[in-house]
Amino acid sequence: MSEKAMLNAREIPVVKEVDVLVVGGGYAGFGAAMCAARNGAKTMLVEQQSALGGLVTMGYVALTFSYIEGVAYELFHVLKSINGVTGRFVDVEKTKVVLEQMLLKEKVQILYNTSVVDAIVENNTITGAVIFNKGGFQAIKAKRVIDASGDGDVSAYAGVPFEVGFPEMNNYNQASSLVMHIGNVDMEKYNALGDTIAFWENKIKAAVDNGEYPYMIDRRINWLVRVPGRDPKHQELYICYAHSRNCRCLDGEDLTRQLIEQRQQCQWTMEFCKKNIPGFEGAWLIDTAPMLGVRDSRRIMCEYKLTADDLINGARFDDAIMRAMHAFDAHHPVDVGHVKHVMRPNEKGEMVRRYVDPGFWREVPYRALVTLKIDNLLVAGRNFSADFMAQSGNRLVLECLNMGQAAGTAAALSIKDGVTPRALDAQKLRKRLVEMGINLLEPPKYGAGNASTAVKVSPDDILYPDLNVPGRQSTTTLDPTKRAKYAVNVSALEQEEMEKYLQKQGGYTSTGGDVGTNLE
């Protein structure tokens, strides 16, 4: 339809003036707001949902992987003290409260149920944003804006260039997922299965063949999360299985299609589980996530665009502000399964698959957060500057949180120094991040696949999907018989680093934090 409507010009009230406006309250926005405030900036966070945490709490993606750094140590420490986390699995309701209380302690103002609908730009410099909520259209003026919206909304409204989708597949986005929340599962019975991956694969294939599923949604469940603190005989779970393909995640009609499609898939899957999966006989579907699991949409173009080659080569940068280790992880845009490799020429010029191999890690530069064209605007989270495959390997929530910590710190420092974020001394930023508990000076102790970085992984100790175990994996992994050579006790290492951080920061004890959650 080509017909257009004209909006009447109107004056809208400026309801707030702040130093730093953070758009989006997921883990990236949380990290940005925390660190902006801790570095002396008057900070406000606006979020279109009704809670902080983004996909973790509102999308039920209750597993938090990658490197724990900075304020994430505090978050995990408090969650542990209130039985809100087991390993990397979190209780989403407790997490919502802890995130809020941590921000309130830093005097960050939170505004829920509020959408940013436009950017205020003067002379190629962002000076605020237009919001909409029950109070109508309003404006917030800000010296710096951080776009942690996931979709890069503010940056797009401001006129920053962006990319969308996978160029090799008609620019479709990654498949999206709606997570199921299931109750009353007998985990003791389920765990007795042993090789659950093979079991799910075989049962799903049989269900498709006999018409129980009308089509193949995916070959196996993507992941299963046990909610901490529940009785294993009556366990609560989050399961990611539902998927929509051919996604246009900036199209309201297509997002609606995805939700409707996947709610139906979740109903089918609940019946499938009760019939086919031991331990699920008496289970029920509690609900589906309030928020659709969108994995990518806009990628905002910045002073540097992270590439797939940066991941496979373990890139290092002089202006690095974080490390990451996750493999490529693109949920296939048009077919079942994942894309976890890129095609690159070998020494003979033959095109071969390249992966993020065990033990590898890379850095993300500050420049990947500093937007092109528009000053005083930074990005953090899954909308950062990257190509499609590089974004797929850097979108996990803790990686988003660590980007947010850098963006929030940069915003505050640039105000103090009277320079734009683009002109900020990156070495000064790095120094401050190190002081705040971000490891940028020493190599990480482990990389992809939790393999030690102290010993170079031999190619002979790696299993390749296209050579060794077709159909059972989609990225490289260590041969189980060789894993001991590269073993790292990640849990013990993280606990040790957490204790060092907390002692340095002060205000925390071995039994709980000082954020006033009222959950102790």
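This report walks through a helix, a surface patch and some salt bridges in a predicted model.

Let's start with helix H10, which covers residues 397-417. Its 21 residues reach 30 Å from the first C-alpha to the last, close to the 30 Å expected at 1.5 Å a residue. Of these residues, 18 are buried, so H10 is largely enclosed by the rest of the structure. Just after the helix comes Gly418, with a positive phi of about 70 degrees.

Val117, Phe132 and Phe137 make a nonpolar patch of about 230 Å². Val117 belongs to strand S6 (residues 115-122) and counts as partly exposed, because its relative accessibility of 33% falls between the limits of 20% and 50%.

Next come the salt bridges, 33 in the count. Here are three of them:

| Pair | N to O distance | Where the residues lie |
|---|---|---|
| Glu93 and Lys96 | 2.8 Å | helix H3 (residues 92-105) |
| Asp254 and Arg257 | 2.9 Å | helix H7 (residues 252-276) |
| Glu363 and Arg323 | 3.0 Å | strand S20 (residues 362-365) and strand S15 (residues 320-324) |

Glu93 and Lys96 sit three residues apart, about one turn of the helix. Glu93 is partly exposed at 46% relative accessibility, whereas Lys96 is buried at 17%. Asp254 and Arg257 are also separated by about one helical turn; here Asp254 is buried at 13% and Arg257 is partly exposed at 27%.

The bridge between Glu363 and Arg323 links distant parts of the chain, 40 residues apart. Glu363 is buried, with a relative accessible area of 5%, and Arg323 is buried at 5%. Elsewhere, salt bridges with shared partners join Arg38, Glu74, Lys105 and Glu106 into one network.

Note on methods:
Residues numbered from 1 in each chain as written. Predicted model: local features only at pLDDT ≥ 70, side-chain atom pairs only at ≥ 80, totals over all residues. Heavy atoms only, no water. Helix = DSSP H or I, 4+ residues; strand = E, 2+ residues; numbered from the N terminus. Expected span 1.5 Å × (residues − 1). Buried < 20%, exposed > 50% of the residue type's maximum accessible area, 1.4 Å probe, protein only. Patch = residues over 30% accessible without salt bridge, like charges linked within 9 Å, V, L, I, M, F, W, Y side chains within 5 Å. Areas by Shrake-Rupley, 256 points an atom, 1.4 Å probe, with all protein chains shown as cover. Salt bridge = Lys/Arg side-chain N within 4 Å of Asp/Glu carboxyl O.
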